[in-house]
Structure formats: structure tokens, C-alpha cells
Amino acid sequence: MIITHVSVDGFRNLSGVSVNPSAGFNVISGKNAQGKTNFLEAMWILSGCRSFRGSKERDYLKIGGESMRSEMTVKDSRREQTISYSMSRSSPDVRSIEINGVGYGGTRPLFGVFKCISFTPEDKEIVKGPPEKRRAFMDMGASQLDPSMVMMINRFNAVMSQRNALLKKIMRGQADSSQLDVWDRQTARLGAKLSFMRHAYVSAAGNICSELYGAISGGSENLELSYRSNVFSEGDFENAFGPQACELYYKKLTDSRERDLISGTTSAGAGRDEILVKIDGMSAREYGSQGQIKSTALVMKLAQAQAFMRKCSEPPVIFLDDVMGELDGDRQRSVFEIIRDMQVFVTVPNADAVIPEMKGRLFTAEGGRIYEQNSVSPHRE
Ligand SMILES: Nc1ncnc2c1ncn2[C@@H]1O[C@H](COP(=O)(O)OP(=O)(O)OP(=O)(O)O)[C@@H](O)[C@H]1O
Ligand SMILES: [Mg+2]
């Protein structure tokens with residue numbers, strides 16, 4: 001998949017951006033606070049995913065601006081499509097999404113159209129942060145491979161909130177604990193399925209991670225990822241998913257009911273899953289150096305891209321925000337080998353920090369404008 005054209009206006013500090021990226025590497029350089037990350041984010045929101053930086057959508061609007069629009073043309077092996085996201089100050093809760101001229105009220109239809117993987121400095125949280133970061137990582141990766149996962153997760157979350165609400169009601173004496181069983185059955189069915197899907201994803205992505213980390217570290221370190229289900233042991237995943245798995249999950253839930261009725265939340269199940277990330281047998285979260293943590297997070301994201309490519313034989317677009325400048329030449333070259341056949345957008349303060357192989361098309365960010373180097377700067381006309 002490649003982006004052939006992007007135009008952005010009124011998104012954060014960006015105005016009048018109109019660029020034709022190369023199908024290979026695109027390097028966006030410029031001083032701090034010029035709009036490099038904003039430019040990546042303006043493309044990213046067209047993937048249908050939220051929270052590139054965890055900020056609210058109304059913050060997309062330029063301060064003092066009336067409206068924003070991000071539009072791009074994407075091409076895959078089958079067709080070319082134009083997608084856009086716009087919003088106005090007068091009704092910031094209404095996002096207007098268009099796919100080939102057809103309007104939609106929500107971002108969900110975008111999910112199937114434009115596939116991308118981003119890596120930002122905050123992504124080291126996947127390794128260093130709390131378990132929910134790693135759950136989000138596996139759910140996002142698995143959803144990209146199998147869109148039915150999105151619905152599964154939404155249903156699981158909905159059932160979990162219902163269960164938790166009921167727990168609180170029972171604690172207040174407003175409901176009877178016999179009502180829990182209905183929700184436990186539903187939670188078990190969805191949670192068990194979710195666990196099996198997560199297990200499959202982490203097994204596949206974990207193998208790729210080990211391979212990639214080996215390459216990046218020059219073979220000197222060994223990275224291992226493993227899915228730690230709150231319900232199932234590794235052996236349970238050897239059987240195919242079925243009623244037996246649901247029963248195990250249900251038992252785990254009923255065993256913890258008493259505790260749950262004291263805390264008012266669900267203490268067992270897929271909401272407590274983890275991925276263990278180990279470098280040479282030691283927890284990366286607890287013992288990893290800054291560089292190891294950053295490389296591990298990068299590898300986990302790149303593994304997402306490779307898993308997607310293997311499954312769909314259509315590479316996603318890669319956004320690398322502020323990473324290349326921090327990697328030495330050898331590490332940059334290893335990363336380059338992994339993503340050389342994909343369309344890539346790299347941001348760096350200074351383009352000289354990037355190895356020559358990556359310098360496909362060079363852009364400069366300046367005061368909210370992005371322009372191709374060698375073309376005339378809008379400020380200097
Ligand atoms: N809603 C908004 N309206 C106007 N300006 C905004 C808005 N949100 C963010 N900005 C500004 O956009 C500017 C550019 O931000 P961006 O993060 O893209 O910079 P950058 O080029 O990636 O810089 P760095 O090299 O430091 O990462 C910042 O000065 C920020 O204050
Ligand atoms: Mg930035």
C-alpha cells in the first residue's frame with residue numbers, strides 16, 4: 001500500500017500542505033516544533049485509529065482555526081482510493097469521513113482502507129509501561145490481521161462493563177448475585193476466544209520479533225516474547241478453541257466471584273493478560289537499558305508490519321517518528337533491510353542523521369508547512 005498524495009490544512013499547526021510522497025523512503029526534516037510529527041499524525045488519523053499522542057480529537061483543530069481537513073490518495077494492488085477526515089469548530093464532535101466521495105459519520109470504515117504502522121518515542125511504553133500497553137499492542141496487531149477481532153474486543157469490553165456494573169449493584173444490595181451467571185457465561189465465551197486470538201498473534205509476532213532483534217543487535221542478544229494468559233496455561237492452547245476453553249474461563253471467573261464482589265471489579269480473565277518480553281532471559285521491562293527498550297519497542301512494531309505483510313501480502317505504510325536519528329548506522333541499516341520494500345515516512349531534526357539508503361525523497365517542515373526539498377519553499381517565493 002502506498003500514499004500517492006496528501007493534503008492537510010488546519011490540522012494543528014499545519015496549513016496548505018500538499019505533497020506527493022515517493023513510494024519508497026520519505027524523510028521529513030526540520031527544527032523542533034515545525035510540524036513533522038503533526039504531519040505524520042494527520043496521515044495516521046486516516047487509518048481509523050485514535051490517539052497517536054493520546055490527545056482528544058478536538059485538539060486536531062488549529063488553535064483559533066475554524067476547520068481542519070486531512071485528505072490522501074492511497075493505492076494498493078487492487079485500486080486507488082481517496083479518503084478524508086474533516087472537522088469544524090462549530091461542531092467538533094462531528095467528524096466527517098469520506099471514502100471516494102461517500103460520507104460516513106464515524107472513523108470505523110477507514111480501518112479497512114488505509115493500513116499503517118507508526119513508531120513514535122512514546123512507543124517505548126509498550127515495553128516499559130503498564131500491561132494495558134502490551135494488551136493494546138497485541139489487540140491492535142491482531143485486529144490488523146483479522147478485522148473480526150475489533151468487534152470481539154468491543155463486545156468483550158461491553159460485557160465486562162456490564163459485569164462490573166452488576167458487581168457494584170450487588171455490593172449496594174440493588175441486585176442479586178444469581179444474576180451474575182448470565183454475564184459470566186458471556187464473558188467466558190468472548191474472553192476465551194480473545195485469549196486464543198491473542199495467543200496466536202503473539203506466537204506469530206514473537207517469532208518475527210526474535211528474528212528482527214537478532215538482526216538489529218548483530219546477533220548478540222536474544223529477544224523473546226510470550227503471551228501470559230490470566231486463564232490458560234501454554235498447554236491449553238495446544239487444543240483448538242472450543243467449549244472446553246470457555247468452561248475453563250468460566251470456572252476462573254466463578255472462582256474469583258467472591259473477591260470481585262468485594263472489589264467491584266473483575267479480577268480474572270483477559271483483562272489481566274500480559275506479554276512477557278525478555279532479552280537474554282531477563283525481563284526487558286525491569287532490566288532493559290534505554291537502548292534495549294527502544295530497540296525492542298521498535299522491533300515489536302516492525303514485527304506488526306511484517307506479520308501484516310505475510311498475511312495480506314500488502315505492506316502497510318510505515319511512520320517512524322524521531323527514531324532514526326538516535327540509531328547508529330549499523331542499526332539503521334538493519335532497520336532499513338526490514339522495511340526497504342515498504343513506503344516509509346521518517347522524521348528527523350536533521351536529514352544528515354539518516355543513512356544515504358533512506359534518503360529517497362526529502363521534505364522540510366517549517367512553520368507548519370511541508371515542502372519537498374529542491375522545490376521552492378512557499379516562504380521564499
Ligand atoms: N491544535 C493546535 N493548534 C496549533 N498548533 C498546535 C496545535 N497542536 C500542536 N500545535 C503545535 O504544533 C507545533 C509542531 O508540533 P510537532 O509536534 O509536529 O513538531 P515537530 O516538528 O515534530 O517537533 P520535534 O522535532 O520537537 O518533535 C508545536 O509547536 C505545537 O505547539
Ligand atoms: Mg516531533
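Colleague: What makes strand β12 largely enclosed by the rest of the structure?

Modeller: Five of the five residues of β12 (residues 317-321) are buried, so the rest of the structure largely encloses the strand. This is a predicted model, where local features need pLDDT of at least 70, side-chain atom pairs count only at pLDDT 80 or more, and totals for chains, interfaces and linings use all residues. Residues are numbered from 1 along each chain as its sequence is written, while chains are lettered from A and ligands numbered from 1 in the order in which they are written.

Colleague: Why are those residues called buried?

Modeller: A residue is buried if 20 or more other C-beta atoms, placed from the backbone, lie within 10 Å of its own; with 12 or fewer it's exposed, and in between partly exposed. Val317, Phe319 and Asp321 are buried on one side of β12, Ile318 and Leu320 on the other, so both faces are covered. In a regular strand the side chains alternate between the two faces of the sheet.

Colleague: What makes the unit of β12, helix α10 and β13 right-handed?

Modeller: With the strands pointing away from the viewer, the path from the first strand over the helix to the second runs clockwise in a right-handed crossover. β12, α10 (residues 329-339) and β13 form a β-α-β unit of that hand.

Colleague: How do you know that helix α1 is mostly covered?

Modeller: Nine of the nine residues of α1 (residues 36-44) are buried, including Phe39, Leu40 and Trp44.

Colleague: What does α1 give to the shell around ligand 1?

Modeller: Three residues, the most of any contributor. The 17 residues surrounding ligand 1 have Asn13, Asn32, Lys36, Thr37 and Asn38 as the closest; a residue is near a molecule if its C-beta atom, placed from the backbone, lies within 6 Å of it.

Methods. Helix = DSSP H or I, 4+ residues; strand = E, 2+ residues; numbered from the N terminus.
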